[in-house]
Each structure stands twice: as C-alpha cells, then as structure tokens.
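Subject: Structure handover

Hi,

Here is the structure we talked about. Please look through it alongside the notes below.

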Amino acid sequence: MGATALTERYVQEVVRRIPADQRGEVAAELRAVIADTVEARGPDDPEAAERAVLAEMGDPVRLAADYSDRQPVLIGPDLYPAYVRLLAALLCTLLPVATVALAGLDVLDGEDIGSVIGTAVGTAVTVAAQLIAWVTVVFALVERSRGGGRIRRAAEWTPDDLPEPPRPDRGATASYLWAGWNALLIGLIVWQHTARPYRAAGADGGIDRLEVLHPGLWSGWIWPMLAGLAGVVVLELVRVAARGWTLRTVGWYAAAEALFTLPFIWVAHRQMLFNPDFLTDFNGGWTTPDAFYTLLAAGAFAVSATAVANRFRAARARQAGR
Amino acid sequence: MSSEDLILGQAQELRRGTVVLACLALLEEPQYGYALLETLNGAGVAVDGNTLYPLLRRLEKQGLLTSEWNTDDPRPRKFYRVSTEGARVRAGLVREWQDIVASIARVTKEN
C-alpha cells in the first residue's frame with residue numbers, strides 16, 4: 001500500500017524542516033511507521049484511523065525539531081534553497097555586470113592593465129561581500145521573525161492544520177527583477193557621484209568630469225531616496241523568503257516607496273535633479289522644458305503608486321486564500 | 001494542580017531516561033519501529049511514537065544502534081539492532097540503574 005495523500009502531506013511537512021541529506025530516509029521511515037500504525041489500529045475504517053494516528057504524531061514542526069539535532073542555525077532548512085538560489089542569481093548577474101562596467105571605465109580612461117585588473121578585483125570582492133552580507137542578513141531576520149513559538153502542543157494539532165501543498169511561487173521572478181532594478185539604481189546613483197562619468201568640454205579646452213545628478217543632493221535629499229530604494233530591495237527579498245506579501249510587509253513597502261518617491265518628486269519639481277553643468281553641456285543651446293520635470297515627477301508617482309497597489313492586492317488575495 | 005497531576009508529571013520525568021535503556025535491552029533482536037513501540041508498551045514502558053521514532057534515529061547517529069532496510073515485505077521497513085558499542089553502554093546503564101534503585105530504596109526506607 002502506498003502512502004495516502006494526507007500521510008504524504010504530513011511527511012513532507014516534517015521532512016522539509018530537517019537537513020536535506022536526511023529527508024529521504026526519515027520520510028521513508030515515517031511512511032512505514034504511519035502505515036503500520038494505521039493498519040494495526042483500524043482495519044475497518046482506515047481513513048479515520050489515519051487521521052487519528054497523524055493527530056497523535058502531532059505538529060510536524062515539533063516532530064521535525066525532534067528529528068533534527070536542533071543545532072541553532074542562521075538560516076533553517078526551510079529557507080535554505082531560496083537563499084542559495086537568490087545568492088547564485090545575484091552573484092551570476094550583478095557581480096559580473098558591475099565588475100565589467102567599472103573595469104571598462106578604467107580602460108576608456110586609458111589606465112594601464114595593472115590598475116584595470118586592480119579595479120576589477122577590488123570591485124568583484126566588494127560587490128560580492130556586500131551581496132552575500134545583505135542577503136544573509138535579510139534571510140536570517142526572516143528566519144528569526146518566524147520563530148519557534150509557533151509549535152503547538154500535540155493535543156492542539158489536528159491533520160486539518162496541514163497546509164495545502166505549496167503552490168509554485170509565481171511572483172518570485174518579478175520580485176527578483178524589481179529588487180535587481182532598485183539595486184541597480186542605487187549602484188548608478190553612487191557610481192555617477194564617485195566616478196563622475198560625464199565628460200564635458202572644459203573652459204580651458206581640457207576635459208571636465210562631471211556628475212550627472214545635482215551635487216547638492218548629497219547634502220540632503222539623496223539620503224532618504226537611497227534609503228527608500230534600499231528598503232524596496234530588502235522588502236522584495238523578504239517577499240521572496242516568505243513566498244508572498246502580507247499586509248504588514250506591504251505597509252513597510254509603501255513606506256519605502258514613499259521615502260524614495262516623495263523626495264524625488266520634490267527635487268524634480270524644484271528642477272534640482274540634474275547637475276546644472278551637466279545640463280548646459282548636454283543640452284547645448286536647448287533648454288529643458290518644465291514639462292519634462294512634471295512628466296518625470298508624475299511618472300515616478302505613477303510607478304510607485306501602481307507598485308504599492310499591486311502588492312496590496314496580492315496581500316489581500318493571499319490573506320483571503322488562507 | 002491536583003496531586004495526581006503532579007505525580008503524573010514527575011513520573012514522566014522519572015521515565016524519560018528509562019526508554020533508552022529499554023530500547024537498548026529489547027533491540028538485541030532486530031525490530032522495526034512500530035513493532036518495537038508495541039513491545040515497549042506491552043512491557044509496561046509507556047512511550048509515544050513521536051518520541052520513540054526520533055529517539056531511535058538519535059541513538060543510531062550516536063552509534064548505539066545499527067539499522068538495515070528490509071525490502072522483502074511489500075512495505076519496506078527499517079530494522080534497528082544494538083551495536084557492540086550500544087551493548088557496552090547498556091551494561092553501564094544497567095549498573096547505573098541498579099545503583100539508583102538501591103540508593104532510592106535506602107533513602108525512602110529511612111523516611
């Protein structure tokens with residue numbers, strides 16, 4: 001007799017919380033002992049017997065804790081696959097892009113090969129360390145916030161508490177992309193400030209290197225904007241780890257979006273977004289119309305509002321689906 | 001809390017360690033999980049499956065039990081038996097047990 005669907009769901013709920021190398025064996029043993037007990041208990045009504053046996057085995061979280069050695073871990077076996085996948089994806093995409101971009105800039109500047117390699121290695125190490133550190137911190141916080149306090153006593157647990165088999169997480173790719181885009185914006189903002197990539201013809205016939213954004217932002221509005229962008233990245237990662245939005249995380253998300261968008265709208269409205277020297281050189285004799293800034297502000301507002309509204313709807317749908 | 005509940009709670013504490021000793025004693029002959037549970041309960045050693053099965057696995061990890069999958073039956077089962085190390089530990093635990101019984105007997109007689 002193969003394990004029934006209910007037993008199988010129970011077994012999966014237990015083994016997904018124990019270390020991966022033990023899952024197969026523990027699952028096989030659990031199936032056998034549950035089937036043995038059901039068979040001995042209720043030959044007349046195997047279905048009722050199965051429910052009774054599973055209720056006696058108790059909360060899968062608790063059983064899994066008994067099967068694991070309860071070594072305190074930073075990121076539990078439950079979240080570990082998502083953690084590894086996300087790290088691999090970021091290290092395979094952002095890391096080479098950043099490294100090649102900064103090394104390429106050195107090449108354009110006519111630096112010698114030694115300093116190009118130096119820049120490449122330095123960038124790779126710094127970016128990799130930042131990525132690993134931040135992703136680890138976010139996942140560890142999610143792990144802590146889910147806490148062990150949710151284990152119920154065996155008597156309070158019934159097979160009805162088994163969650164539905166997990167559905168594939170369809171929103172994960174969108175989350176990765178949005179987190180990646182916002183991380184890219186942070187990178188670009190910092191980069192244009194430190195590398196001064198724009199080359200303008202200087203007054204004395206030489207080449208001036210300019211920032212694209214208004215340098216004055218760095219003594220004011222850029223900080224809430226960067227914090228907002230970082231908040232969006234972190235919350236998208238939380239969304240991936242938790243496999244969906246909750247009203248609480250959407251609340252934080254809305255705050256992070258506001259932190260970026262409101263200063264952005266203000267700065268765009270005051271026409272203090274771009275470096276005046278950059279605009280003069282870039283536009284030549286042409287003047288940027290006011291409508292451009294209005295459009296920029298309205299666009300930023302529309303993107304933010306849509307993003308928040310979509311996530312709010314997703315959280316509501318998820319809550320209703322429980 | 002009634003005194004009966006208190007006795008029940010304390011008795012559970014007393015029995016906790018004895019399950020290990022009972023398992024090491026009974027698994028001289030190989031047995032699979034559910035059969036061992038029945039044997040233990042039949043012998044008056046009260047233990048639940050959700051305690052026993054993880055315990056067997058822990059004892060195996062510690063090298064006190066060895067296991068083997070029997071796939072002759074339509075339902076594959078994992079059979080456990082005591083290892084040489086397990087037998088040594090059992091002998092030590094039996095001595096401890098007799099010491100405890102003797103000590104407690106002395107202490108309780110004096111009252």
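Predicted model: local features only at pLDDT ≥ 70, side-chain atom pairs only at ≥ 80, totals over all residues.

The expected span of a helix is 1.5 Å times one less than its number of residues.

Helix α8 of chain A covers residues 222–241. Is α8(A) mostly covered or mostly uncovered? Mostly covered: 15 of the 20 residues are buried. After α8(A) comes A:R243, which has a positive phi, near 60 degrees.

Next, a helix pair in chain A. Helix α1 (residues 5–15) packs with helix α2 (residues 20–41) in chain A at an angle of about 145 degrees. Their axes are 10 Å apart. The crossing of α1(A) past α2(A) is right-handed. On the α1(A) side, the contact uses A:T7, A:V11, A:V14 and A:V15. On the α2(A) side, it uses A:R23, A:V26, A:A27, A:L30, A:R31 and A:I34. By class, the residues of this contact are 7 nonpolar, 1 polar and 2 charged.

Last, the contact between the chains. Chain B gives 12 residues and chain A gives 15. On the chain B side, the elements giving two or more residues are α3 (33–42), α4 (49–61) and β3 (77–82). Of these, α4(B) supplies the largest share, 5 residues. The chain B side that touches chain A has 5 charged, 4 nonpolar and 3 polar residues.

Best wishes

Technical notes. Residues numbered from 1 in each chain as written. Chains lettered and ligands numbered in written order. Axes fitted to C-alpha atoms, helices over the stretch in contact; angles between N-to-C directions. Helix = DSSP H or I, 4+ residues; strand = E, 2+ residues; numbered from the N terminus. Left-handed = near helix turned anticlockwise from the far one by under 90°. Contact = placed C-beta atoms within 7 Å. Nonpolar A, V, L, I, M, F, W, Y, C, P; charged D, E, K, R; others polar. Buried ≥ 20, exposed ≤ 12 C-beta atoms within 10 Å, placed from the backbone.
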